[in-house]
Structure formats: structure tokens, C-alpha cells
Amino acid sequence: MCDRYFIAVDIGATRIRAALFKSSGEMIQKVEALTPRDSPDAPSRKIIELINSFKFEVSLKDKIQGVGIGSIGPLDLKKGMILVAPNLNLREIPIVDPIEEELGLPVALHNDCTTAVVGEKAFGAGKNVDNLVYVTISTGIGGGVYVDGHLLVGKDGNAAEVGHFVVDNKWNLKCGCGGIGHWEAYCSGKNLPRFVKILIGELKTKDSEKRYLMESCNSDLDKLTAKAIYEGAEKGDPLCLKILDEVNDLNARGFACIINAYDPELISVGGAITLNHPDLMLNSIIKGVKKYIAVRVPKMMVTPLGEDIVLYGAFALIKQSLS
């Protein structure tokens with residue numbers, strides 16, 4: 001039998017990544033670009049540009065079956081669009097129609113973390129697991145869920161927007177979506193620096209204790225990054241470690257909400273923050289989550305599929321949809 005080919009796309013708040021897969025599951029090409037944010041049409045144009053950048057043989061191009069896409073949300077699956085992308089400051093971003101019209105191929109769209117959990121179940125740690133959650137902690141925070149072997153999707157494709165679980169009513173920070181106290185408003189890569197500025201004020205630290213953080217942002221806290229905070233903690237900076245104690249308590253609350261709501265056997269975790277700092281992330285959360293749960297603690301681990309988990313899931317989605 002001749003190989004068939006599929007295109008997989010991961011639309012993130014920072015990057016768009018595209019890959020070409022054989023039907024066997026082998027990834028044979030991968031490209032990426034920064035996610036454009038200048039207009040609602042820009043992301044779909046960038047996806048088409050990336051796909052057209054693949055080095056096709058004429059015969060290979062004729063064998064491509066379709067495009068699977070995992071995207072940041074919230075989504076409107078019926079309209080094939082991103083309803084709102086808080087981290088891009090864009091709304092009503094069309095995805096499915098412009099790509100189908102330009103490429104003449106069927107397109108399957110799902111939330112990026114829903115897509116990722118499909119990838120985990122098909123290719124990763126969840127192959128033999130019926131109750132599985134995938135969580136990403138990166139620019140934003142999201143999740144994908146299987147319960148009793150059923151993928152949770154919801155009326156609009158947003159059944160597992162775990163980053164918008166409420167984890168706080170002390171600081172009441174506003175999330176990019178407009179909600180108050182959401183997990184993503186505190187612990188995501190985009191919003192962590194804002195929360196840290198509040199914590200630094202509350203911790204009443206001396207100037208000498210703030211030296212590392214101030215040097216990392218050239219004494220301008222508005223330029224502070226999540227990367228600097230985690231790297232400081234890995235170097236043993238006392239203030240960064242204190243900050244992450246607070247952050248990981250909120251992370252533990254978020255994971256507890258997931259455990260209490262979905263009762264998973266396994267939670268796999270990915271996203272740039274997790275993949276770059278796995279010990280700082282998971283060890284504290286595994287210890288802290290026990291304070292907040294009402295059910296048995298599941299196994300928790302970093303995804304073995306790394307940063308490609310959404311691409312594997314997008315491939316699995318389009319292949320399954322056409323089989």
C-alpha cells in the first residue's frame with residue numbers, strides 16, 4: 001500500500017508550527033514561525049505560507065489527505081474559528097474556511113490541548129489510559145481531557161479550558177479573557193511577571209534581596225520575564241524561590257480542580273515552562289496538591305512527546321476524521 005500523508009498544525013500564542021506526517025505516524029518535515037497578531041486573517045495566511053514552504057515532490061503533494069489543527073482558544077468549532085485569543089489581542093480569527101479554500105483539503109480543528117491529549121493517548125504515555133488529562137503551562141494554561149475513554153469536547157470545543165478555573169480570591173487579578181481570579185492570570189508565562197510585581201511588594205524585600213531580579217530586567221520590572229524568574233530559582237536565588245512557592249501553591253490549586261473534576265488516572269504536563277523547568281514545576285505541585293483534593297492522587301508526569309505533542313495530536317485527529 002502506498003503511504004498517505006497528512007499535515008499537522010499547532011497554533012500557539014507565541015508560535016505557529018506545522019509538520020508533515022506519513023500515515024504511519026512518522027514526522028518527516030517541520031517548520032515554524034512567530035504567530036502574527038496584526039489582523040484576524042494573519043494566522044491563517046501564515047499557516048498557508050508554512051504549508052507551502054514544505055519541500056514537496058509532485059507525487060507527494062498529490063497524496064496529502066488533509067490538515068489537522070490544534071489551536072489556542074476559546075473556539076467556535078461550527079464556524080471553524082478562534083473566538084477570542086487574549087494573548088494575541090485578536091477576536092474572531094477564521095481558520096478552517098481560508099485554509100480549505102486555499103489548499104483544497106479537508107481541515108479538522110480542535111482546541112490545542114484537546115488535540116494534545118489525543119496525541120498523548122495515540123502516541124505517548126496515555127496509550128492504555130481511559131482517564132487522562134493533559135495540561136500545558138506556557139504562554140497560557142490549558143487542558144485536554146479523556147473520561148472513561150471519551151474525549152471531552154463541549155458545545156463549542158471548550159470543555160477543558162482549565163486555565164480559567166478560579167484559583168484565587170485574594171488578589172483578584174483579571175485574566176485576559178475578562179474573568180477574575182483565573183489560574184492563567186497568575187501562573188502563565190505571559191501573566192506571571194505581573195503577579196510577581198505584586199508579590200515583591202507584599203514580601204517587603206530589601207534591595208539586596210531583589211538584586212538578581214532587578215539585574216535580569218535592567219531595573220525595569222515591566223520587562224521582567226517568566227524565564228528570568230525560573231532561571232533565578234534554578235540558580236538558588238532566595239527571592240525567586242519564595243515567589244515560586246506562592247506560584248506553585250496556585251498551580252497546585254489548579255491541578256486539584258482538575259483532579260476533583262475529572263478523576264484522572266494520569267496527568268501529563270507540557271508547555272514551555274514545564275519542559276524547561278520540570279523539577280521546579282512538578283515536584284512542588286505533586287506535594288502541594290494533596291491539600292486541596294477530595295479523591296485519590298493520580299500519576300503526574302512530564303509528557304514524553306515534548307513540544308511536539310500538539311502536532312502528533314493534530315495528525316491523529318485528521319487521520320481519524322478521514323478514516
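pLDDT is the predictor's confidence in each residue, from 0 to 100. This is a predicted model. The chain has a mean pLDDT of 93. Of its residues, 99% reach 70 or more. Confidence is lowest in helix 2 (residues 58–61), where the mean is 78. It is highest in strand 12 (residues 266–270), at 98.

**The largest pocket**

The largest pocket has a volume of about 910 Å³. Its lining comes from several elements. Those that give two or more residues are strand 2 (15–22), helix 4, strand 9, strand 10 (141–147), helix 8 (226–234), helix 10 (272–276) and helix 12 (309–322). In total, 42 residues line the largest pocket. Nearest its centre lie Thr 136, Ser 138, Thr 139, Gly 140 and Ala 272. By class, the lining holds 18 polar, 14 nonpolar and 10 charged residues.

**Thr 14 and its partners**

The side chains of Thr 14 and Thr 139 are joined by a polar contact of 2.8 Å. Thr 14 sits in the loop between strand 1 (5–11) and strand 2. Residues up to four places away in sequence aside, Thr 14 touches Ala 33, Leu 34, Thr 35 and Thr 139. Thr 14 and Ala 33 are 19 residues apart in sequence, and their C-alpha atoms are 8.7 Å apart in space. Is Thr 14 buried, partly exposed or exposed? Its relative accessibility is 40%, so Thr 14 counts as partly exposed.

**Helix 1**

Helix 1 (residues 42–52) is mostly covered. Eight of its 11 residues are buried. They are Ala 42, Pro 43, Ser 44, Lys 46, Ile 47, Ile 48, Leu 50 and Ile 51. What do the buried residues of helix 1 pack against? Their partners are strand 1, strand 2, strand 3 (27–34), strand 4 (64–71), strand 7 (90–94) and helix 3 (96–103).

**Loop residues**

Asn 131 lies in the loop between helix 4 (112–123) and strand 9 (132–137). With neighbours within four places in sequence set aside, Asn 131 is in contact with Tyr 146, Val 147, Asp 148, Asp 263, Pro 264, Glu 265 and Leu 266. Its relative accessible area is 12%, so Asn 131 is buried.

Gly 149 is found in the loop between strand 10 and strand 11 (150–151). At a relative accessible area of 32%, Gly 149 is partly exposed. Gly 149 and Glu 184 are 35 residues apart along the chain, and 27 Å separates their C-alpha atoms.

| Residue | Relative accessible area | Class |
|---|---|---|
| Asn 131 | 12% | buried |
| Gly 149 | 32% | partly exposed |
| Thr 14 | 40% | partly exposed |
| Asn 218 | 66% | exposed |
| Asn 89 | 67% | exposed |

**Backbone geometry**

Phi of Asn 89 is near 60 degrees, a positive value in a residue other than glycine. Asn 89 is placed in the loop between strand 6 (81–85) and strand 7. Asn 218 also has a positive phi, near 55 degrees. The loop that holds Asn 218 runs between helix 7 (211–216) and helix 8.

Which residues does a cis peptide bond join? The bond is between Gly 73 and Pro 74, with omega about 5 degrees. Pro 74 belongs to the loop between strand 4 and strand 5 (75–76).

Terms used:
Residues are numbered from 1 along each chain as its sequence is written. This is a predicted model: local features need pLDDT of at least 70, side-chain atom pairs count only at pLDDT 80 or more; totals for chains, interfaces and linings use all residues. Side-chain values use heavy atoms; hydrogens and water are left out. Helices (H or I, at least four residues) and strands (E, at least two) are DSSP runs, numbered from the N terminus. Buried means under 20% relative accessible area, exposed over 50%, partly exposed in between (1.4 Å probe, protein chains only). Contact means heavy atoms within 4.5 Å. On a 1 Å grid over the protein atoms alone, a cavity is a set of points where a 1.4 Å probe fits but cannot get out, and a pocket is an open set with protein on both sides within 12 Å along at least five of seven lines; lining residues have an atom within 4 Å of a point. Grid points are joined across faces, edges and corners, and a volume is the space filled by probe spheres set on the points. Ala, Val, Leu, Ile, Met, Phe, Trp, Tyr, Cys and Pro count as nonpolar, Asp, Glu, Lys and Arg as charged, and the others, Gly among them, as polar. A polar contact is a pair of N or O atoms within 3.5 Å; within protein, one must be able to donate a hydrogen and the other to accept it, and residues adjacent in sequence count only if both atoms are side-chain atoms.
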